[in-house]
Amino acid sequence: MKNPVKSIFHKPKIYFPDDYIKRLRCSLIGEGMLPEENIFQMDYAIKNMPNEGSVIEIGIYGGLSTNVLLHLLSKNNKTNKLFNTDVWIYEGFYDHKISPPKTIDGRDDVLREDYTRYIKEAYLSSIKTLSKNNSPHSFHLSSDDFFEAWNTNKKTTDLFEHETTLGGPIAFAYIDGDHSYQQTKKDFENVMKSLVIGGFILFDDSESTSDFGSAQLVKEIAKNKTLTLVDNRLNHLFVKL
Ligand SMILES: C[S@@+](CC[C@H](N)C(=O)[O-])C[C@H]1O[C@@H](n2cnc3c(N)ncnc32)[C@H](O)[C@@H]1O
């Protein structure tokens, strides 16, 4: 790719012009977790990534970003497969400060395990409703276990009962799971084992003002020049040249 740009988007914040994505935003759980800027970056990565290789998503939650990725793949006539994973653990607002309760923030009568079951079921239902002919290969695994299976070309059955073999080249990875420095670094290193030339990595919660470990990691990646920065208007999108 010639001359990667500092910011590929010249306009101030605008909404991604797509009626279906607008509809998804008010249909799926997790609206507050997917900044509009990420959708522009996903679209750019999908348009420009090589046709060889899979798209990997770490951190599904209720499936808003998954459904956006599936839509952008199909809209751009890309046949790259999407593999994704989540542990569906509840991440409380104050878990880093206090011993986490069994219930969700602000309620003492809703168990975290019931809440995460609801989120996972909502995800499965969203795919069965909105992407039944185009379902991703989804797994209920930590990213470490997912990459273990990926790196050993494990043959397995996904959450939609499709048999599949994991592994092979990666064309685009969206890292949005555990945002601690250690885990984001592990996820990054695992992606790098399989990222093809011309492949992209987008780190959620990596804006320079963020306290997340993912923000610290992208500063290191930018310095080491392992990858080339494509855009950091909010989160960081890199390409491997
Ligand atoms: C911010 S949410 C993902 C939001 C989703 N990508 C979206 O935009 O709609 C983060 C998710 O990562 C999952 N997660 C946390 N640690 C993980 C790990 N080590 N491996 C896989 N998933 C993890 C959580 O269960 C949670 O559902």
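How many nonpolar, polar and charged residues are in the lining of the largest pocket? The views below take up this question within a predicted model, in which local features need pLDDT of at least 70, side-chain atom pairs count only at pLDDT 80 or more, and totals for chains, interfaces and linings use all residues. Residues are numbered from 1 along each chain as its sequence is written, and side-chain values use heavy atoms, with hydrogens and water left out.

**View 1. Lining of the largest pocket.** By class, this lining has 18 nonpolar, 18 polar and eleven charged residues, where Ala, Val, Leu, Ile, Met, Phe, Trp, Tyr, Cys and Pro count as nonpolar, Asp, Glu, Lys and Arg as charged, and the others, Gly among them, as polar. Of the 47 lining residues, Glu91, Asp176, Gly177, Asp178 and His179 are the closest to the pocket centre. A pocket is an open set of points on a 1 Å grid over the protein atoms alone, where a 1.4 Å probe fits, with protein on both sides within 12 Å along at least five of seven lines, and lining residues have an atom within 4 Å of a point.

**View 2. Residues around the ligand.** The ligand takes up the space of the largest pocket, in the sense that more than half of its atoms lie within 2 Å of the grid points. Among the 19 residues around the ligand (a heavy atom within 4 Å), Gly59, Ser65, Asp86, Ser143 and Asp176 come nearest.

View 3. An N or O atom in the side chain of Asp86 is 2.6 Å from a ligand oxygen atom, and a polar backbone atom of Trp88 is 3.4 Å from an oxygen atom of the ligand.

Technical notes. A polar contact is a pair of N or O atoms within 3.5 Å; within protein, one must be able to donate a hydrogen and the other to accept it, and residues adjacent in sequence count only if both atoms are side-chain atoms.
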